[in-house]
Amino acid sequence: QSYSLYFANDKGQLAREERTLEVQTTTVLAKELVDELIAGPNSEILLPTIPKGTRVRQLEIKEGICYVDFNKNFQSKHSGGENEERLTIYSIVNTLTELRDIEKVQFLIDGEKVEEYQGFIDFSQTFTRDESLISNLQIKAPLLTSKKADSVSEAKEEGELTTEKKDENLESLIVDKQAGSDNLENKENKK
């Protein structure tokens, strides 16, 4: 099944990247989605939002709230900045709230609620989805699944994705949600 993950683009917004994951229980799926966010985008035109070295210590869902407990690297290795902080938080929140059982996200660091993440946003609150940060571009990554590759470089090593194939299809991977699939089909038919 296909799921949406949110990564940063070069315009300071979140962009949706589709991933195919095996259907599992909501808790296991939520953890796998966060692990996919930590691994970073498959597309070279998107940017990671979660600091390297971040790990999920625990994740549980209770009464529509997903509690995500990260190690201290989630906070200590973040690059800082108000928009970067917002993109990090909402890449996770918007990804997890795509799941029907999750309405809000509560963050923990080493098992504890913290007041601030990087000094700009009250981090002790529960977070709800914020679509105002989402770009209207959607990146489709049909050649990659989480089970086959954690990154584009691993996919290349496994022979699943070649640079020539990626470059040839880059335009077809970027889909304007408002134009719909008809526009994508027209682009492919013109080639």
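Student: Is asparagine 9 buried or exposed?

Tutor: Asparagine 9 is buried, with a relative accessible area of 9%. Buried means under 20% relative accessible area, exposed over 50%, and partly exposed in between (1.4 Å probe, protein chains only). Keep in mind that this is a predicted model: local features need pLDDT of at least 70 and side-chain atom pairs count only at pLDDT 80 or more, while totals for chains, interfaces and linings use all residues. Residues are numbered from 1 along each chain as its sequence is written, and side-chain values use heavy atoms, with hydrogens and water left out.

Student: Okay, where is asparagine 9?

Tutor: Asparagine 9 is in the loop between S1 and S2. Those labels are DSSP runs numbered from the N terminus: helices are H or I with at least four residues, strands are E with at least two.

Student: And what is asparagine 9 in contact with, leaving aside neighbours within four places in sequence?

Tutor: Ala15, Leu46, Leu47 and Ser135 are in contact with asparagine 9, where contact means heavy atoms within 4.5 Å. Leucine 87 is 78 residues from asparagine 9 in sequence, yet their C-alphas are 9.8 Å apart in space.

Student: Which residues of H1 are buried?

Tutor: Leu29, Ala30, Glu32, Leu33, Val34, Glu36, Leu37 and Ile38 are buried in H1. The buried residues of H1 pack against strands S1 (2-8), S2 (14-20), S3 (56-62) and S4 (65-70), plus helix H3 (82-96).

Student: How do the axes of H1 and H3 cross?

Tutor: The H1 and H3 axes come within 10 Å and cross at roughly 145°. Axes here are lines fitted to C-alpha atoms, for helices over the stretch in contact, and angles run from 0 to 180 degrees between N-to-C directions.

Student: Which residues meet there?

Tutor: From H1 you get Ala30, Leu33, Val34 and Leu37, which meet Ser91, Ile92, Thr95 and Leu96 of H3. The residues of that contact divide into six nonpolar, two polar and no charged. For the classes, Ala, Val, Leu, Ile, Met, Phe, Trp, Tyr, Cys and Pro count as nonpolar, Asp, Glu, Lys and Arg as charged, and the others, Gly among them, as polar.

Student: What about threonine 95, buried or exposed?

Tutor: Threonine 95 is buried, at a relative accessible area of 1%. Not counting residues up to four places away in sequence, threonine 95 touches Ser4, Leu5, Tyr6, Leu33, Leu37 and Tyr90.

Student: Now the sheet. What's the strand order?

Tutor: The order is S3-S4-S5-S6, in an open sheet with mixed pairing. Two strands pair if DSSP finds at least two bridges between them.

Student: Why is one side of S3 and of S6 left without a neighbour in the sheet?

Tutor: S3 and S6 (126-128) stand at the edges, each with a single partner strand, so one side of each has no neighbour in the sheet.

Student: Which way do S3 and S4 run?

Tutor: S3 and S4 run antiparallel, joined by six bridges, and lysine 62 has isoleucine 65 as its bridge partner. S4 and S5 (104-109) run parallel, also with six bridges.
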